[in-house]
Amino acid sequence: MGAELDRRVLVVGAGGHARVCIEALLDSGYEVVGCVSSDGTGAPGLPCPVLGTDHDLGEVAASAGATHAFVAIGDNAVREALSARCAAAGLPLATAVSRFAMMSPSVLLGAGVAVLAGAVVNAASAVGVGAIHNTRCSVDHDCTIGQFAHVAVGASLGGGVAVGDRALVGIGACVLPSKAVGGGAVVGGGAVVVDDVVAGSTVVGVPARAMARGPR
Ligand SMILES: CC(C)(COP(=O)(O)OP(=O)(O)OC[C@H]1O[C@@H](n2cnc3c(N)ncnc32)[C@H](O)[C@@H]1OP(=O)(O)O)[C@@H](O)C(=O)NCCC(=O)NCCS
């Protein structure tokens, strides 16, 4: 009972990604008190009420008795900004690990991280605050994943890969062992990274090559 009272989480975000993260939060022993979203509405089938907007998340959290927040937004920059808003409201970030994820006990996880169903995070990897390990991604040994980075659905990282802060490794992409993806870079869906990726750049294709930067 006491433990549950200390693990009451307000979810920031109310879309499809939030639905997935809520299940992982429940797997991680949190009670989900509700969500907030940018406009106070939520996706169909959300298993909890939308209690307000993210503009007044502090007040909503206080009235709902939340002890933590979890930012369930896929966009890296938006997730970072909302995480700062949670910190300003005095809400520590919860960490959501699906019971279907496979994680080495030697992994270091920052606060606010999502590790979703089928994700594998192998020995001696370190994951920064607010990073997403999306469904069925694979992160091998000795990887470092930066703050507010996103390893997308089905992406695969070989051993010793470094993913910088706010970088996106897109759906189904592969990063060969020991390569680095610079901060804020985007690896397009299906790309195979064979060389280090310059910070802030976007790469696509097999092998991955630079393209003009577009929206995520
Ligand atoms: C790479 C990416 C960022 C480019 O986005 P964009 O700038 O909006 O690009 P556009 O859709 O305008 O496409 C521009 C060109 O690049 C090509 N292209 C886009 N994405 C590509 C990819 N992943 N691989 C190869 N080519 C790609 C398009 O076919 C198009 O080619 P054309 O000019 O010959 O028609 C995006 O397509 C992508 O792969 N995002 C990853 C999304 C993701 O994984 N999110 C996480 C969800 S869990």
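**View 1. Helix α2 and its buried face.** At 1.5 Å a residue, the twelve residues of helix α2 (residues 16–27) should span 16 Å, and the 17 Å between its end C-alpha atoms agrees with this. The model is predicted. The buried residues of α2 are H17, A18, C21, I22, A24 and L25. Seen down the axis of α2, these buried residues fall within an arc of 165 degrees, so they line one face of the helix. An α-helix has 3.6 residues a turn, so residues three or four places apart point the same way. The packing partners of the buried residues of α2 are β1 (8–12), β2 (31–37), β4 (68–71), β5 (96–97), β8 (114–115) and β11 (132–133). Just after α2 comes G29, with a positive phi of about 90 degrees.

View 2. P47 lies in the loop between β2 and β3 (50–53). With a relative accessibility of 57%, P47 counts as exposed because the cut-off for that class is over 50%. Apart from neighbours within four places in sequence, P47 is in contact with R19 and I22; I22 is one of the buried residues of α2. Between P47 and L25 there are 12 Å in space, C-alpha to C-alpha, and the two are 22 residues apart in sequence.

**View 3. Helix α4 and its buried side.** Helix α4 (residues 76–88) has 13 residues, which at 1.5 Å a residue should span 18 Å; its end C-alpha atoms are 19 Å apart, in agreement. Which residues of α4 are buried? They are N76, R79, L82, S83 and C86. These residues cover an arc of only 130 degrees around the axis, which puts them on the same side of α4. Against the buried residues of α4 pack β1, α3 (57–64), β4, β11, β14 and β17 (168–169).

**View 4. The contact between the two domains.** Domain 1 covers residues 2–94 and domain 2 covers residues 95–205. Their centres, taken over C-alpha atoms, are 23 Å apart. Domain 1 gives 17 residues to the contact and domain 2 gives 21 residues. The size of an interface is often given as the accessible area lost when the parts come together. Here about 1,400 Å² is buried between domain 1 and domain 2, and carbon and sulfur atoms give 56% of that area. Among the elements that meet the buried residues of α2 are β5 (96–97) and β8 (114–115). For α4, the partners include β14 and β17 (168–169).

**View 5. The six-stranded sheet.** Six strands form an open sheet with parallel pairing, in the order β6-β9-β12-β15-β18-β21. At its edges are β6 (102–103) and β21 (192–193), each of which pairs on one side only. Within the sheet, strand β12 (residues 138–139) pairs with strand β15 (residues 156–157) in the parallel sense, over two bridges. Opposite S138 stands S156 in β15.

**View 6. The five-stranded sheet.** A further open sheet holds five strands in the order β7-β10-β13-β16-β19, again with parallel pairing. Which strands lie at the edges of this sheet? They are β7 (108–109) and β19 (180–181), each pairing on one side only. Strand β16 (residues 162–163) and β19 run parallel and are joined by two bridges. The bridge partner of A162 in β19 is A180.

View 7. Most residues other than glycine have a negative phi, and most peptide bonds are trans. R136 is not a glycine, yet has a positive phi of about 60 degrees. R136 sits in the loop between β11 and β12. Is R136 buried or exposed? R136 is exposed, at a relative accessible area of 56%. F148 also is not a glycine and has a positive phi, of about 55 degrees. The loop that holds F148 runs between β13 (144–145) and β14 (150–151). F148 is buried, with a relative accessible area of 6%, because under 20% counts as buried. The peptide bond joining V206 and P207 is cis, with omega at about -5 degrees. P207 is in the loop between β22 (202–204) and β23 (209–211).

Note on methods. Residues are numbered from 1 along each chain as its sequence is written. This is a predicted model: local features need pLDDT of at least 70, side-chain atom pairs count only at pLDDT 80 or more; totals for chains, interfaces and linings use all residues. Side-chain values use heavy atoms; hydrogens and water are left out. Two strands pair if DSSP finds at least two bridges between them. Helices (H or I, at least four residues) and strands (E, at least two) are DSSP runs, numbered from the N terminus. The expected span of a helix is 1.5 Å times one less than its number of residues. Buried means under 20% relative accessible area, exposed over 50%, partly exposed in between (1.4 Å probe, protein chains only). The arc is that of the directions from the helix axis to the C-beta atoms. Contact means heavy atoms within 4.5 Å. Domain bounds come from an automatic or database domain assignment. Buried area is the accessible area (1.4 Å probe) that two parts lose on being put together, summed over both.
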